[in-house]
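Notebook open. I want to look up the pocket first, then the ligand and what surrounds it.

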Amino acid sequence: MLTSEEKSYLLGTIRDIPDFPKPGIVFKDITTLLNDRKAFTLLMDHLQERYRPMELDFIAGIESRGFIFGAALATRLGIGFVPLRKRGKLPYTTVSEKYALEYGIDEIEIHIDAFRNQKGARVVLIDDLIATGGTAKAASRLIKRVGADLVEASFIIHLAFLGGREQVEEETNFYAVLEIE
Ligand code: AMP
């Protein structure tokens, strides 16, 4: 478990970029957490401690910042990593889900054999941040559609005022390291 001091330290390493990528959005920049070795190690130690006892088979990460935390966690647990990518990026046969954005729709994909056709493979999904939850909900549905057991969806940062948690909880358990009210 992280102490409140440790959570404050981690939060202090995340940089706010106003009006990126468009006016009105405050972008949470995690590059300043990643290049702080104390923060990155503290975070990964915490995730390793949380997920070690769950006897997982794979970590799945959402493009693109979910790849950084997800791949690091997978090697710490000694298990495989599976990428979920935006439409058209994965080279083999895929399964896809559309989801609503503020304006328009987006689509996310997974390889049909991502979990090596291991039925009921135990999976945790990870991304850097959850806002409205649309991306994570679509990713959760894909993981289940290809036959895996989605144990939990996990986020470094939860923007708690946007209702994302409720979206994810329609599909799986929810966990966030840091809450921003
Ligand atoms: P959503 O589907 O609304 O939950 O958006 C989540 C995805 O968009 C994640 O992959 C985040 O990395 C990214 N994202 C959304 N809002 C922000 C934000 N304010 N700062 C950084 N990334 C964001």
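I started with the largest pocket, which has a volume of about 1,100 Å³. A pocket here is an open set of points on a 1 Å grid over the protein atoms alone, where a 1.4 Å probe fits, with protein on both sides within 12 Å along at least five of seven lines. This is a predicted model: local features need pLDDT of at least 70, side-chain atom pairs count only at pLDDT 80 or more, and totals for chains, interfaces and linings use all residues. Numbering runs from 1 along each chain as its sequence is written, and side-chain values use heavy atoms, with hydrogens and water left out.

Next I checked the lining (residues with an atom within 4 Å of a point). It has 33 residues, with Ile 25, Leu 129, Ala 131, Thr 132 and Thr 135 nearest the centre of the pocket. β7 gives the most to this lining, 4 residues.

Where does the ligand sit? I found the ligand in the largest pocket, meaning that more than half of its atoms lie within 2 Å of the grid points.

Then I looked at the shell, taking residues with a heavy atom within 4 Å as near. Of the 14 residues around the ligand, Arg 65, Asp 128, Thr 132, Gly 133 and Thr 135 come nearest. β7 has the largest share of the shell too, 4 residues.

Last, I went through polar contacts (N or O pairs within 3.5 Å). A side-chain N or O atom of Thr 135 is 2.5 Å from a ligand oxygen, and a polar side-chain atom of Arg 65 lies 2.6 Å from a ligand oxygen. For Gly 134, a backbone N or O atom lies 3.4 Å from an oxygen of the ligand.

How values were computed
A polar contact is a pair of N or O atoms within 3.5 Å; within protein, one must be able to donate a hydrogen and the other to accept it, and residues adjacent in sequence count only if both atoms are side-chain atoms. Helices (H or I, at least four residues) and strands (E, at least two) are DSSP runs, numbered from the N terminus. Grid points are joined across faces, edges and corners, and a volume is the space filled by probe spheres set on the points.
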